[in-house]
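Thanks for coming, everyone. Let me put the structure up, and then we will walk through it piece by piece.

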Amino acid sequence: MERIYEDRFFSLYKDSDKAYSVATLCAQALREKYDIDKCYSNSGETSPHEAKVYVYNDAVTSIEVVSKTVDIEQIDLDILFKEIEDNLKGLNDAERRDYCISLLVPFGDGCSFIDTYLPLGKINRIKARIERYAKEKNELERSVASNDAEELRKQSNKSSLAHLIESDEKMIKNVLNIAYRFVKLPSKGPVEKFYSKLYMLLQRYAYRLAWTFVKNGIDIFPLQDECNIYIINPQQGHDVSIYAQWAGSCKLAQKGVDALYDRAVNENSISSLPCVTEGNKKYFERALECGWIEVSGKGCTWLYGGRRGQVRLGYFCSKVYDMPRPINTLEEVFNVKKLSSSITNAEVGSKRADVVRWKKEMDDRIFFD
């Protein structure tokens, strides 16, 4: 797996162990220059002019260094996403999930730029803290003090927790206000211009990544929730008008999104099938992902091989189930007859090229572990 173009792209945003990224330095410089953090703090204090100039010039220097090797306006996302799509090929479910999350991780805790772009992850962390404080406060309210001293401690702790909750609620408003302020910054000055380019580049990457995931049967929004890293606002959902530039048309983009939702519904339905267990569920999910089965209610339709596909269904069942197999249940689920004969035929070795080919394809795409 090659990640040459990925690493080059992510290096613009993600801090390394040795240095801050150019995106971080730009965000810090603009925070200082426009007193953005100070506007929403209680102190109202601002940094000395000399400190603002120093931080701003540090960002300018970083921009100059980066610009010697990268023309941010000419970054070819086509090359980047060809690398990403090549990397997605041949991965099993677990590997695909981990790889897809790795394409979001650079915009997590190691990227302070994201808090000026879309701070939902930070807000979720604050909300989780508020919920924890509220739970502790409720537990204190339900508790009964055994003496006056304990009652004083109880009331003091309740007061402290109430203050913490109030403080965090204000913090959420401040985080949103700061992100909004960054959107409204003027475009004058080298740092302001470069920040704007970084912002628009990340937007392009985010939507292109979402569409690439859609094409591969992956929904970016649950992944964002899982790792609490957001590069697209979930409230916006899948925007087919944007996807159209890569899909070819809005109609084709919508078709891809619809297929994604249909697959999600089918995946939820798989668990309800009477022949599916926690041990064999992954094989059904892989077959579904390949487009070889279709789930409807309590039943399944085997699609791979068309009218002559029952022997392939037999091969599938022979690999998924040990003896004694639940033949009656399987026949009912797949709405077929004489499944035992199909299993026997599939288990009989055949040297026909077409049989060898489809068995190898099933092994490679479903039974690879």
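One definition to begin: the expected span of a helix is 1.5 Å times one less than its number of residues. Keep in mind as we go that this is a predicted model.

Start with helix H3, residues 49–67. How far apart are its end C-alpha atoms? They are 27 Å apart. The helix has 19 residues, so at 1.5 Å a residue it should span 27 Å, and the two values agree.

Now look at what H3 hides. Its buried residues are Lys52, Tyr56, Ala59, Val60, Ser62, Ile63 and Val66. Seen down the axis of H3, these fall within an arc of 160°, so they line one face of the helix. The cover over them includes helix H2 (22–33) and helix H9 (190–215). Turn to the face of H3 pointing away from the buried side. There you find the exposed residues Glu50, Tyr54 and Val65.

The largest nonpolar core has 67 residues. Which members touch the most others? They are Tyr13, Phe107, Phe113, Tyr205 and Ile231. H9 gives the most to this core, with 15 residues. There is also a second, separate core of 34 residues, and its members include Val276, Phe316, Phe334 and Ile343.

Let me zoom in on tyrosine 205. It is buried, at a relative accessible area of 0%. Set aside neighbours within four places in sequence, and tyrosine 205 is in contact with Phe9, Phe10, Leu77, Leu80, Phe81, Ile84, Leu103, Phe107 and Ile231.

Next, the aromatics. The structure holds 23 aromatic pairs. One of them joins phenylalanine 107 and tyrosine 205. The ring centres are 5.8 Å apart and the planes sit at 45°, so this pair is tilted. Phenylalanine 107 is in the loop between helix H5 (93–102) and helix H6 (114–117), while tyrosine 205 is in helix H9. The pair therefore ties together parts that are 98 residues apart in sequence. Phenylalanine 107 is buried too, with a relative accessible area of 1%.

Tyrosine 283 and phenylalanine 367 make another tilted pair, 5.3 Å centre to centre with 40° between the planes. Tyrosine 283 lies in helix H13 (residues 281–290), and phenylalanine 367 lies in the segment after helix H17 (353–365), so parts 84 residues apart in sequence are tied together here. Buried or exposed? Tyrosine 283 counts as buried at 15% relative accessibility. Phenylalanine 367 is buried as well, at 13%.

One aromatic cluster takes in Phe9, Phe10, Tyr13, Phe81, Phe107, Phe113, Tyr117, Phe182, Tyr195, Tyr199 and Tyr205.

On to the cysteines. How many disulfides does the structure hold? The count is 0. Take cysteine 275. The closest cysteine sulfur to its own is in cysteine 300, 6.5 Å away, and that is too far for a bond. Cysteine 275 is buried, at 3% relative accessibility. For cysteine 227, the closest cysteine sulfur is in cysteine 100, at 11 Å, again too far for a bond. Cysteine 227 counts as partly exposed, at 22% relative accessibility.

Last stop, serine 342. It lies in helix H16, residues 339–347. Serine 342 is buried, with a relative accessible area of 8%. Beyond residues up to four places away in sequence, serine 342 touches Gln310, Val311 and Gly314.

That is the tour. Over to you.

Note on methods. Residues are numbered from 1 along each chain as its sequence is written. This is a predicted model: local features need pLDDT of at least 70, side-chain atom pairs count only at pLDDT 80 or more; totals for chains, interfaces and linings use all residues. Side-chain values use heavy atoms; hydrogens and water are left out. Helices (H or I, at least four residues) and strands (E, at least two) are DSSP runs, numbered from the N terminus. Buried means under 20% relative accessible area, exposed over 50%, partly exposed in between (1.4 Å probe, protein chains only). The arc is that of the directions from the helix axis to the C-beta atoms. Contact means heavy atoms within 4.5 Å. A disulfide is a pair of cysteine sulfur atoms within 2.5 Å. A nonpolar core is a set of buried Ala, Val, Leu, Ile, Met, Phe, Trp, Tyr and Cys residues joined through side-chain atoms within 4.5 Å. Rings of Phe, Tyr and Trp (its six-membered ring) pair if their centres lie within 6.5 Å; planes under 30 degrees apart count as stacked, over 60 as edge-to-face and the rest as tilted.
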